Amino acid sequence: MNNKITIPDTEHLHKAAQQFIKHFNLDTISGSDAPTCFAFYAPMGAGKTTFIKAICEELGVEDVITSPTFAIVNEYTDANGAPIYHFDFYRIKRQEELFDMGADEYFYSGNLCFMEWPELVEDALPDDVLRISITPQSDGSRIVEW
């Protein structure tokens with residue numbers, strides 16, 4: 001992991017989301033070589049949903065953004081009308097559940113996919129998934145690395 005963004009506090013969350021978007025060219029995803037699948041690794045309460053929400057808001061999502069803990073996947077629409085898929089695999093018991101729900105269709109759609117708790121379905125993730133870690137620090141800040 002060679003790249004990182006430090007989020008000192010919640011006041012800097014949207015600035016960090018903007019940095020993340022700029023680094024991966026996520027605001028021009030359509031027709032580009034930018035990555036589309038992002039797996040967020042972090043302990044419970046580290047801010048996965050909060051950071052994904054900030055990224056989505058910066059991409060112009062006006063939908064209510066919440067963790068899809070029970071639904072497994074939420075779909076939002078960005079400012080350009082493109083779908084963004086937000087997964088939470090916390091309640092997945094077997095990787096086969098992903099195939100049953102057609103996860104491959106989401107992963108290979110060319111649209112953004114943000115995933116929480118990917119370690120529970122590691123073998124089912126697309127080969128080109130970008131692994132992002134969020135590490136809480138003792139001062140309350142967060143380090144986002146990839």
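**Entry 1, a strand residue.** I began with Glu75, which lies in strand 3; helices (H or I, at least four residues) and strands (E, at least two) are DSSP runs numbered from the N terminus. I noted Glu75 as exposed because its relative accessibility is 51%. For the record, buried means under 20% relative accessible area, exposed over 50%, and partly exposed in between, with a 1.4 Å probe and protein chains only. Setting aside residues up to four places away in sequence, I found Glu75 touching Asp63, Pro83, Ile84 and Tyr85, where contact means heavy atoms within 4.5 Å. I also looked up the C-alpha atoms of Glu75 and His86, which are 6.4 Å apart although 11 residues separate them along the chain.

**A note on the model.** This is a predicted model, in which local features need pLDDT of at least 70 and side-chain atom pairs count only at pLDDT 80 or more, while totals for chains, interfaces and linings use all residues. Residues are numbered from 1 along each chain as its sequence is written, and side-chain values use heavy atoms, with hydrogens and water left out.

Next I went to Asp78, in the loop between strand 3 (73–77) and strand 4 (83–88).

**Entry 3, salt bridges.** I listed 3 salt bridges in the structure, each being a side-chain nitrogen of Lys or Arg within 4 Å of a carboxyl oxygen of Asp or Glu.

- Lys53 pairs with Glu57, with the closest N and O atoms 4.0 Å apart. About one helical turn separates Lys53 and Glu57, because they are 4 residues apart in helix 2.
- Glu96 meets Arg94 at 3.5 Å, N to O. Glu96 is partly exposed at 43% relative accessibility, and Arg94 is partly exposed at 46%.
- Arg131 meets Glu122 at 2.5 Å, N to O. Arg131 is partly exposed, with a relative accessible area of 34%, and Glu122 is partly exposed at 28%.

I wrote down the buried residues of helix 2: Lys48, Phe51, Ile52, Ala54, Ile55 and Cys56. Gly60 follows helix 2 and has a positive phi, near 90°. Most residues other than glycine have a negative phi, so I checked for exceptions. Asn25 has a phi near 55° and lies in the loop between helix 1 (13–24) and strand 2 (37–41). Trp117 has a phi near 60° and lies in the loop between strand 5 (112–116) and strand 6 (130–136).
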